[in-house]
Amino acid sequence: MTSENPRNGAVHEAAAAGIPVALADLGALVRIPSIAWPAFDQEALVRSAEAIAALAEGIGIFDSVEIARSAVPGTDEIGQPAILATRAAREGAPTVLLYAHHDVQPPGDDALWETPPFEPTVRDGRLYGRGAADDKAGVMAHIAALRAIHEVYGDDLALGIALFIEGEEEYGSRSFAQFLSDHRDQLRSDVIVVADSGNWDAVTPALTVSLRGNARFTLTVRTLEHASHSGMFGGAVPDATMAAIKLLATLWDDDGAVAVEGLAERDAPTPDYTEQTLRSEAGLPSGVTPIGRGTILSRIWNKPSVTVTGIDATSVAAASNTLAPEISVVVSARVAPGQSAREAYAAIEGHLRRHAPFGAELTFSDIDLGDGFLVDTEGWAVEVARTSLATGYGVDPVDVGVGGSIPFIADLVEQFPGAQILVTGVEDPHSRAHSPNESLHLDTFRHAVLAEAALLESLNERR
């Protein structure tokens with residue numbers, strides 16, 4: 001699969017020549033600990049936004065560059081700083097919206113990092129650091145591709161462009177929908193490129209055509225009015241920990257597949273993917289067996305999953321001979337593409353209420369829902385994207401599903417129903433996003449920049 005280059009490869013050459021500067025700029029962004037959680041330094045998000053706004057301004061391509069915030073609906077809070085840069089289309093050219101986010105996950109335990117999380121470090125062809133892949137590399141892929149297209153086309157560029165770099169994606173995109181509403185006219189576009197996904201492997205590009213939704217909530221299980229002595233009453237009185245363990249165990253069957261009536265599965269083919277590959281990419285030891293049924297990728301892309309991601313209980317160090325009256329857990333469910341997150345949550349809540357042991361009292365709180373996404377692969381922009389990915393990587397792309405969720409895409413669909421949405425990314429299966437030792441494969445980044453530059457050039461030539 002190839003694409004004709006109207007300017008005889010000049011954009012490709014400019015993009016390739018700009019990679020060293022782009023990586024240096026990426027390293028500078030990685031040094032900023034831009035974490036949206038309130039417990040962390042919020043000034044770092046401001047510094048990160050200012051740095052990216054300066055990069056956007058420096059391209060010389062935009063009519064307007066601003067840092068903006070929107071309200072968080074239902075609260076008195078204001079969302080985190082986002083960068084919005086725009087230029088109007090000319091001569092009947094389309095407009096493209098380029099999305100990424102500059103906030104990052106907390107680093108977690110620094111002791112698990114081989115190098116400091118906010119000190120970008122290159123080794124073995126990878127750039128290590130929190131946000132090096134997710135998603136400051138997405139930010140810099142946009143910046144680098146825009147630099148190349150501007151260098152070659154200059155004032156002849158007709159393509160309309162909106163660059164939207166969000167500041168709270170990892171914290172739930174709480175003001176995202178309001179931001180879209182506040183800036184609808186500036187963001188309205190024909191094609192939306194979301195650079196926040198991954199590739200098939202380090203050398204093969206991917207276009208994400210399906211995403212699972214999410215349903216996350218806190219479950220509190222209560223069985224006693226107060227703590228009691230485990231020796232005096234154990235064996236007759238159900239403690240909250242035992243009740244929670246028995247209840248949570250009903251969410252899965254003996255194969256580890258989700259056992260909740262009402263959760264849907266999507267019937268769709270998946271590419272070949274071996275258990276050996278799963279073990280390598282997920283870090284699954286040889287003695288531990290995979291869970292679920294069906295092809296491995298169908299379990300990850302097309303079926304629901306349920307994970308307990310947090311527990312509030314007495315620590316091992318503080319354990320005593322006490323029956324716990326209450327325990328809270330965070331349940332994170334992934335919802336099959338095509339099923340609404342609200343419907344899936346209702347099924348899970350109903351299941352838990354029906355299976356509550358010993359009359360345990362259940363409370364549900366902090367409910368966060370996000371719908372999945374299915375791409376209309378018949379749109380013209382999808383074919384342009386596939387051709388551009390092949391041009392940038394030198395390898396034909398693979399259509400993939402992703403087990404993770406990008407809930408805000410549903411907001412994009414609602415606000416801009418006529419836009420074609422392309423979900424791309426710079427990560428490979430070994431990037432370890434959200435984990436210690438997150439990293440970016442440098443060759444993958446280079447190819448991603450070349451591919452996006454080719455995409456922008458193709459869009460610019462479309463009338």
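Visitor: Which residue in E18 does Tyr128 stand opposite?

Guide: Tyr128 stands opposite Ser439. Keep in mind that this is a predicted model.

Visitor: What makes E4 and E18 edge strands?

Guide: Happy to walk you through that one. The open sheet has three strands in the order E4-E5-E18, with antiparallel pairing. Strand E4 (121-123) and strand E18 (439-441) each pair on one side only, and that makes them the edge strands. From one strand to the next, the twist averages 25°.

Visitor: How do you know that helix H14 packs on the sheet, and which strands does it touch?

Guide: Contact means heavy atoms within 4.5 Å. Helix H14, residues 442-460, touches E4, E5 and E18. The direction of H14 makes about 65° with that of E18.

Visitor: Why is Asn302 called buried?

Guide: Buried means under 20% relative accessible area. Asn302 has 1% relative accessibility, so Asn302 counts as buried. Its place is in the loop between helix H10 (296-301) and strand E11 (305-312).

Visitor: What does Asn302 touch, not counting residues up to four places away in sequence?

Guide: Asn302 touches Glu265, Arg266, Ala268, Thr270, Leu297, Ala336 and Pro337.

Visitor: Which feature does UniProt place at residues 210-357?

Guide: The unreviewed UniProt entry gives "domain: Peptidase M20 dimerisation" there. In the model, residues 210-357 are 28% helix and 23% strand, with the end C-alpha atoms 37 Å apart.

Key
Residues are numbered from 1 along each chain as its sequence is written. This is a predicted model: local features need pLDDT of at least 70, side-chain atom pairs count only at pLDDT 80 or more; totals for chains, interfaces and linings use all residues. Side-chain values use heavy atoms; hydrogens and water are left out. Two strands pair if DSSP finds at least two bridges between them. Helices (H or I, at least four residues) and strands (E, at least two) are DSSP runs, numbered from the N terminus. Axes are lines fitted to C-alpha atoms, for helices over the stretch in contact, and angles run from 0 to 180 degrees between N-to-C directions. UniProt positions are given in the numbering used here, feature names are shortened, and annotations may be inferred rather than shown by experiment. Buried means under 20% relative accessible area, exposed over 50%, partly exposed in between (1.4 Å probe, protein chains only).
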